[in-house]
Structure formats: C-alpha cells, structure tokens
Amino acid sequence: MKKNLSLYIHMPFCERKCEYCGFNSKVGTDQEKAIYVKDLFTEIKMRAKEYAEYFSVDSIFFGGGTPSFMPANTIRDVLSYIYRYFSVKNDAEITVEVNPNTITNAKIREYIISGVNRFSIGLQTTNEKILKAMGRTHTVQDFDNAIERIRDQGVSNINADLIIGYPGQTEKDVENAVKHLISLKIPHVSCYMLQVEEGTKLYKRVKAGLENVVPDDKVIKMYNKMLSILRANGYARYEFSNFAKPGFQCTHNQTYWDRNDYLGFGVSAHSYVSGVRFSNTDNVQLYHERLSQEKLATEIANELSKEEKQEEFVMLALRTEKGLNTKDYEKEFGENFLSKNKNKLAVLIKGGFVTLSPEGVIKATDKGFLVLNRIIYELI
Ligand code: SF4
C-alpha cells in the first residue's frame, strides 16, 4: 500500500515586501514568474520519478510569497502537472494562500475548478494604521470582500492569519481582530507571535530606535486574550498557533507535526521523506540555472540521526494539543521516555506545566504552553 505524502509548492513573488517579512519572497516581473513556473514543472516531473511510485498525495499547499499574485492559470497548470505525475487522493486537502487584494472572482473560480478546496488568507490585524505600518497592501474591507467572494463560490474551509505583538499593537487590537474573524464565521485561525527577523525592514527600524518591540509579558497577555475568546466561541487550539472549529483542522500542517512525509517544490522549499531532510536553494536565479539543466536545486540534504529524530519528536509533539505519546516514542526509538526523563517530568508536573495521562501521553498545560521552549529544552 502506498504511503501518504504532502506536497508544498512555494511561490516566492509578492506585490511588495512587507516590513516584517522574513520569508523568501520578492517583487517579480511577469517574465520571472513565467520562468519560475516552468522550472516548477521540471522539478515536479523529476521528483515524481523518484517518489510517485511509493506515495499517494493527501494534501497540497501553495504558499509563499503570494500564490494569488501569480497569473490566474498558474495554480491550475501546476496542479495539472501534479495530477499527471503523482497519484492524488480524491479527498486530498488542497490549500492556496491568498492576499485579500489579489484574489479576484476569476482566480477563485479557476482555483476551485482545478481542485482547490481550502483558502488561507492573511488579515494580520483589523487596525488599519498597523496594517499600513506593516506594509500590507490591503484594508480590512478588502479582506471582508475576499471572504465573501470565496464563500459565494461555495468554499467554507477558510483559514485566516493573524499576527500578535506588532509594534504599536494593543490587547484591544487583538481582541477586535479575533472577534472580527468570529463574526465572519472563519473556521480556522492561525495566529503568529511576531519575530523581528534580521534582514527585515522592521528589524532595521527597531535597531535604529524608530520602533519599540512589544514586551514579552504584553504579548503573552495578547495570546491569552485571543485564546480565551476563541475557546469561548467553539475553537480548539490543536497546535500552539493554530485554532479550529470541529472538522476544520488543517491536514497539511498535521503532516509536519506528525513527522510524516512531505515534498517541497520551489525555492527554499523543505522536504522530509523516509527520514531524510532536504531543502532547495533560496536563490531564484540559481534555482532556474539548475532546473533549466534538468538538475535538482537541492542545497542541503541529511539523514537525521536517531538523536535528531528524537529531538524533533519531542519538539513537534509538545506543540500540539494531542501531546507526546510516550508509547509511540518507545515503539519508534526503543527507549522508555518516562524513565529517561523521570525527575524532570516530576518537576514539570508538580509545577503545573505538563500533565501525564494514564495512557502515557504528556501534554503541555495552558501555563506550560507559555513556556513551551523551556519545557522542550528540558526534555530533549
Ligand atoms: S505578503 Fe507575506 S510573503 Fe509577501 S511580503 Fe508580505 S509577509 Fe512576506
């Protein structure tokens, strides 16, 4: 029987670069975009030769950058290449990330006809002043219109992204944004705590003293506020940054946290297949040079050692609401996690940071989720 496989396709182009953006994205010309898509076709074909025989695809995710900034036929063309070379399950989850002001009715229709059944759309905040400061190119009204357009065409499986901890943002802003999403009945919310990454415009502004980073205790208050509002409205936190109404958890993200197999296409795309991790170059020009010669653009590849796999197991499992199943750990690594970490676990349980169920599942508590990195550090 074929194993499940998730596919990620990176589209690195955006209308403009947001102030805080640390992703691999750039403002590209139409010609650059066309060349890039052609290279993607080549990569899909080449990787399929190696993997398609052993896997069937259960989720596909178009991320970026801004996939909806590409011409309308791009998603259709890439998907038709995937359908040609991989076996894709009938009920596969197919997500495309869209920007509120680059998603037209024609594009939505085109995506849906091609098989897209989930949309992920960036709102970030409902404070227009902060949206502007972030360098976002849309307004809250653009977001609302986009949601209406997607719904009008029959798709209700929608995620909205929020950011918390942006300079100038208040707890009230976070509350307003979350309530806005609830009023629009968005069934899935991803909420990221801002990391001011080196190399971003925001980083330079912070370094120059033009912006103040929001202190950690305030960010935690914002996170707790968001969590309590979402919970009170029927959303469950199933991973530190992800919240869903019943039945709307994201299959694709689950693949990463469960350490299942996934293949990434495009610049800086990461893959993890059969215990081997590899990633493509982050340079669009180099990606093109390699693919135009029918050579893969893999830059880093390494088979994970047992210790590395154990660390990932702990790190990823503890971020999820499912928690760390110590029986699964023992099955995979032949080691008893509970006896190995007996003393540390006792301290964490006593402090109210984690719980241990009679079935041997360790879960972070609400208090523990706020110091997750520290807990993970203790247990790996
Ligand atoms: S839209 Fe997203 S990927 Fe593009 S610049 Fe803004 S944050 Fe970065």
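Okay, ground rules. The model is predicted, so local features need pLDDT of at least 70 and side-chain atom pairs count only at pLDDT 80 or more, while totals for chains, interfaces and linings use all residues. Residues are numbered from 1 along each chain as its sequence is written, and side-chain values use heavy atoms, with hydrogens and water left out.

Let's start with the layout. The protein chain splits into domain 1 (3-257) and domain 2 (306-379), with bounds from an automatic or database domain assignment. Their C-alpha centres are 29 Å apart.

So where do they touch? Taking contact as heavy atoms within 4.5 Å, 13 residues of domain 1 meet nine residues of domain 2. The buried area, meaning the accessible area (1.4 Å probe) that two parts lose on being put together, summed over both, is about 980 Å², and carbon and sulfur atoms give 51% of that. On the domain 1 side, Arg237, Phe240 and Trp257 lose the most area to domain 2, together 48% of what that side buries.

Now the charges. With a salt bridge defined as a side-chain nitrogen of Lys or Arg within 4 Å of a carboxyl oxygen of Asp or Glu, the rule finds four across this interface. Arg319 also forms a salt bridge with Glu239, where the closest N and O atoms are 2.7 Å apart.

Which elements of domain 1 give two or more residues to the side that touches domain 2? They are helix H8 (216-232), strand S7 (236-239) and helix H9 (251-257); helices (H or I, at least four residues) and strands (E, at least two) are DSSP runs, numbered from the N terminus. H8 gives the most, with five residues.

Gly65 is found in the loop between strand S2 (55-64) and helix H2 (73-85). Then there's Arg259, in the loop between H9 and strand S9 (262-265): Arg259 is not a glycine, yet has a positive phi of about 60°.
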